[in-house]
Amino acid sequence: SIVHYWNQWYQEYANKFSHPRLIIRLEDLTIYPKETVRTVCECAGGTVVDDEDFKYLLSSAKKDMGHGEESEKNGLIEAWSRIGREVPFSVQDYEATQTHLDR
């Protein structure tokens, strides 16, 4: 199952490395960028200076073509950013993750 796969994947990081680590999901950076960056910053002992200066860019940071021709992009990042803000997980979904996913 996807839950078993998730648990096995992340347990390898926990068991093989003794140094501190922080695993950040791409989905969190895409759907909740401000909150995720703030949490990571606080975890590292810092603070976000000014929340108003936070800029979320959908365009590529690369010059010219970036990640390919516009006609070849599938809109995944844009869809994640829209859907994640509109459809939050239910209380039951959250409780299931707390019960079945390893930490």
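Tutor: Helices here are DSSP runs of H or I, at least four residues long, numbered from the N terminus. Keep in mind that this is a predicted model.

Student: Where is Ile 23 placed?

Tutor: Ile 23 sits in the loop between α1 (2–16) and α2 (26–31).

Student: Which residues make the nonpolar surface patch?

Tutor: Ile 23 is one of them.

Student: Now charges. What can side chains of opposite charge do?

Tutor: They can pair when their charged atoms come close. In this model the count is 2 salt bridges.

Student: Which residue forms a salt bridge with Lys 16?

Tutor: Glu 12 does. The closest N and O atoms are 3.8 Å apart. The cut-off is within 4 Å, so the pair counts.

Student: Where do Lys 16 and Glu 12 lie?

Tutor: Both lie in helix α1. They are 4 residues apart, about one turn of the helix.

Student: How accessible are Lys 16 and Glu 12?

Tutor: Lys 16 is at 61%, so Lys 16 counts as exposed. Glu 12 is at 39%, so Glu 12 is partly exposed.

Student: What is the distance between the closest N and O atoms of Arg 25 and Asp 28?

Tutor: These atoms are 2.7 Å apart, and the two residues form a salt bridge. Arg 25 has 38% relative accessibility, so Arg 25 counts as partly exposed.

Terms used: Residues numbered from 1 in each chain as written. Predicted model: local features only at pLDDT ≥ 70, side-chain atom pairs only at ≥ 80, totals over all residues. Heavy atoms only, no water. Patch = residues over 30% accessible without salt bridge, like charges linked within 9 Å, V, L, I, M, F, W, Y side chains within 5 Å. Areas by Shrake-Rupley, 256 points an atom, 1.4 Å probe, with all protein chains shown as cover. Salt bridge = Lys/Arg side-chain N within 4 Å of Asp/Glu carboxyl O. Helix = DSSP H or I, 4+ residues; strand = E, 2+ residues; numbered from the N terminus. Buried < 20%, exposed > 50% of the residue type's maximum accessible area, 1.4 Å probe, protein only.
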